[in-house]
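Subject: Handover of a structure and its findings

Dear colleague,

Please find below the sequence and the structure that I am handing over to you. A description of what was found follows directly after it.

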Amino acid sequence: MLQRKYIFPNVIELNVQAGHLIGCNVYLIHDQDEWILIDVGYEDDVDEIVELIRNLDFGLSKCKTLIATHADVDHCQGLAKLKQILKTTVTAHPKAANLLEAGDRLKTFAEIEAQGIHEEMPAVTVENHINDGDVIKIGNLSLQVWSTPGHADSQLAFRLGNLLLSGDNIYRDGGVGAIDAHHGSDIPAFIASLERIRDADVEWLLPSHGPYFRKDPKMLDQVIARLNSYLHLSDFGTCAIGWPLIDQWEQEIAEGKLPT
Ligand SMILES: [Zn+2]
């Protein structure tokens, strides 16, 4: 048996627990015997995750459900395999459920042909659809569901007391989940999600990649300002809402202005 390494009461993160990097963050939340996972990572890592959970003395039959923060391959590829081993259900936002049930490889970043990325995305049935305002019970704990679109239109976050399991919204270095038009990213929605996180009275952010960290409204302000700038620059193509440079250029052309 392994000693449980809690990062917060009732919360274990499996990379931390293992003492080495497995993949995306996998949070195990439990109350007494009942437990859930938030994200599961790649299929190749499922066996290690099962072994870890077994060695932590959690009953494999006591997994209430496997929750997806969104449908990306690095968070969800292992869902079908793990679900079969645990004989449990899958829980996701309806838009993530569509991708997971179809085994979509484009919107989940499993297939990025231009970069030679060709991953499998095994289809999996999603029994439970969740959305903003829903509450997931784990024993006597209540996990509140937040819809936080931006990185993906199905991105969820989960509040547990003063913790926010914040998905791919924000990382400790101020980075955010990839902004990509083909992925359903939406910068105005992303800004609204980050403002909601900034303004909420949660103390800790537990992201889906990298270390958990204390929420800092000033840092979030800087990130929001950066995303605001993207709305008017070409950096993220059609995710911008306008391109003032071209308006200026149009005026300069009309005025017959030449380079000086
Ligand atoms: Zn991610």
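Two strands are said to pair if DSSP finds at least two bridges between them. Helices (H or I, at least four residues) and strands (E, at least two) are DSSP runs, numbered from the N terminus. The model is predicted: local features need pLDDT of at least 70 and side-chain atom pairs count only at pLDDT 80 or more, while totals for chains, interfaces and linings use all residues. Residues are numbered from 1 along each chain as its sequence is written.

I begin with the hairpin of β10 and β11. Two residues lie between these strands, and in this hairpin G139 takes a positive phi near 55 degrees. Strand β10 is joined to β11 (residues 141-147) by four bridges, and the two run antiparallel. Within that pairing, V135 stands opposite Q144 of β11.

Both strands belong to an open sheet of six strands with mixed pairing, in the order β10-β11-β12-β13-β14-β15. Because β10 (135-138) and β15 (213-214) each have a single partner strand, they stand at the edges, and one side of each is left without a neighbour in the sheet. Further along the order, β13 (residues 163-167) and β14 (residues 204-207) run parallel and are joined by four bridges. Here L165 is placed opposite L206 in β14.

Helix α6 (residues 187-199) packs with helix α7 (residues 217-230) at an angle of about 170 degrees, and their axes are 10 Å apart. Axes here are lines fitted to C-alpha atoms, for helices over the stretch in contact, and angles run from 0 to 180 degrees between N-to-C directions. The angle makes α6 roughly antiparallel to α7 (under 35 degrees counts as roughly parallel, over 145 as roughly antiparallel, 65 to 115 as roughly perpendicular and the rest as oblique). Among the residues that make the contact are F190, I191 and L194 of α6 and L220, V223 and I224 of α7. Two residues are in contact if their C-beta atoms, placed from the backbone, lie within 7 Å.

The seven-stranded sheet

An open sheet of seven strands, also with mixed pairing, has the order β1-β2-β3-β4-β5-β6-β9. Its edge strands, β1 (6-8) and β9 (128-129), each pair on one side only.

Towards β4 (residues 34-38), four bridges join the two strands, which run parallel, and I36 has T65 as its bridge partner in β5. Towards β6 (residues 89-92), three bridges join strands that again run parallel, with T65 opposite T89. Strand β6 is in turn joined to β9 by two bridges, in parallel, and T91 stands opposite N128.

Strand β5 is mostly covered, with five of its five residues buried. A residue is buried if 20 or more other C-beta atoms lie within 10 Å of its own, exposed if 12 or fewer, and partly exposed in between, with C-beta atoms placed from the backbone. Helix α4 (residues 79-86) lies across β5 and β6 and runs at about 175 degrees to β5.

The nonpolar core

The largest nonpolar core has 59 residues, and those with the most contacts inside it include Y27, A68, L79 and L165. Such a core is a set of buried Ala, Val, Leu, Ile, Met, Phe, Trp, Tyr and Cys residues joined through C-beta atoms within 7 Å. Leaving out residues up to four places away in sequence, A68 touches several residues, including D39, L79, V90 and L100.

Loop residues

D39 lies in the loop between β4 and α2. Its phi is near 70 degrees, a positive value in a residue other than glycine, and D39 is buried, with 26 other C-beta atoms within 10 Å. Q32, in the loop between β3 (27-31) and β4, also has a positive phi, near 50 degrees. With 11 C-beta neighbours inside 10 Å, Q32 counts as exposed.

A110 is in the loop between α5 (94-102) and β7 (111-112) and counts as buried, with 22 C-beta neighbours inside 10 Å. A110 and D72 are 38 residues apart in sequence, yet 7.5 Å apart in space, C-alpha to C-alpha.

Yours sincerely
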